[in-house]
Amino acid sequence: MTEQNLKSQVLKFVKDNERNIVEDIKKLCSVKSLLAEPAGEKAPFGAGSREALDMAFDMSEKLGLETYDCEGYMGWAQVKGKSDKYIATIAHLDVVPAGNGWKADPFIVREVEGWLIGRGVCDDKGPAVLTMYMLKFFKDNYPELPYTLRALFGCEEETGMRDLQYYLKNYPAPVFAFTPDANFPVCCGEKGQASCNLVSPEIKNGNVVDFTAGVASNVIPDRATISVKYTGKELPAADGIEITVEGDIATLKSFGIGGHAAMPEGTKNAIGMLVNYCIDNNLLAEEEKSYFEMLKELNATNYGEGLGIDSDDGIFEPLTCIGGMMKISDSKFVQNINVRYPTSTSGETIQKQLIEKLAKVNGTVENFESVAPFYVDKDSAPIQALLKAYNDATGKNEQPYTIGGGTYARQFPSAAAFGIEPCLNETDFFPDFIGPVHGAEEGYSIDGFMKALEILIMATAKLMEIEF
């Protein structure tokens, strides 16, 4: 089949299936597939993830695809090829919590001016549906593929990737995989990731009664609440902060701008807003002040300077660091942080630097976890195949890039993140009424989905030509 004939078939297939794809995305996004306690033998991540996986199986089987359940950790749909070696796509069916700021129920997808809006539409249920239809195209149009083609469906990407760890321990890895969970043209590297809790010493006579914020480590909180003992002094108004007094307790709620921990530009951390207010208005007891000053330094920038962990290698963007969740536990403040770091530092170095910083306020670093950076040669045949498919489909001349986010790609021997979001330089792609991934009003355009499907099919055809 010539490339021109292939492209004609692809365009017709995309047009013919557009409405079915939209309806399947709406249906899959209606499932609240949040991490929860195990719900039976084949639901290790809870009933919601199990329901989403079953729905993905049902959709795939209706498209004529073979499916397989990996004990509830993951599943797949596939088209058998001439070889048992397989090329895989991998998308995840779990989502982060809805959070605040939605204009309507986040689990009922709205169609607005050619855009779909709902939790998981872009990250990553919409792309998961595209991979099902991509497989259908190859099943319908190729008598036999040189490699088996498999669409993997994950169930715990957002909270640890134990699903893929289980899969790679119990099933053979693909010769190459790509995940449609990033931006085009193609991502060949991902920053290292670290998270931990910055814990204060025990506060015995503090003024702060409660301090809560955040829904996940990798989500910048758009709201936070602190309650402090009220002495009758005036509490001045401040932008983005709501103040109420009831008896001897004053409660302050902050309203910031949320977003993904890997992409903090343009966000405003609600925790930092309250920290600054409490310091500026002298609402803290003496024993709370040093820890809060440390929190102020943490939130002053998104790049770790305040904690002494900033780093830049010239390959990746500089290290980022955000405060994700805040609580009080056993009379101690517990600030969770999320760090994305380049190759110029390491998890061990960051942990050491944080321990030294917390020691200055008699605090501790707890539950430290780290994953090293991931990088694939941008000139390798699979990366170049994906890049060419994108540039041919768009008439552009883009180059591979690296990210601060973490995708499934880093878990495989050979993989990349490939779409479906536009290139990072396409700043005018999203209209004002669409929010960011992990934020309120998450969404993606129907035209964007259709173009992405075209690119995914053409890229996979090119991967099938490579000798693995």
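Author: The largest nonpolar core has 93 residues. Met134, Tyr167, Leu386, Phe418, Phe449 and Leu453 have the most contacts inside it. Helix 9 (residues 446-463) gives the most to this core, with 12 residues. This is a predicted model: local features need pLDDT of at least 70, side-chain atom pairs count only at pLDDT 80 or more, and totals for chains, interfaces and linings use all residues. Residues are numbered from 1 along each chain as its sequence is written, and side-chain values use heavy atoms, without hydrogens and water.

Reader: What makes a set of residues a nonpolar core?

Author: Its members are buried Ala, Val, Leu, Ile, Met, Phe, Trp, Tyr and Cys residues, joined through side-chain atoms within 4.5 Å. Buried means under 20% relative accessible area (1.4 Å probe, protein chains only). A second, separate core has 44 residues, including Val275, Met294, Tyr341 and Phe368.

Reader: Which residues does Phe449 touch, leaving out those up to four places away in sequence?

Author: Ile25, Leu116, Val121, Gly126, Pro127, Leu130, Ile420 and Tyr444. Contact here means heavy atoms within 4.5 Å.

Reader: Why do strand 4 and strand 5 count as paired?

Author: Pairing takes at least two DSSP bridges between two strands. Three bridges join strand 4 to strand 5 (residues 115-117), so the two pair. They run antiparallel. Glu111 has Leu116 in strand 5 as its bridge partner.

Definitions and conventions: Buried means under 20% relative accessible area, exposed over 50%, partly exposed in between (1.4 Å probe, protein chains only). Helices (H or I, at least four residues) and strands (E, at least two) are DSSP runs, numbered from the N terminus.
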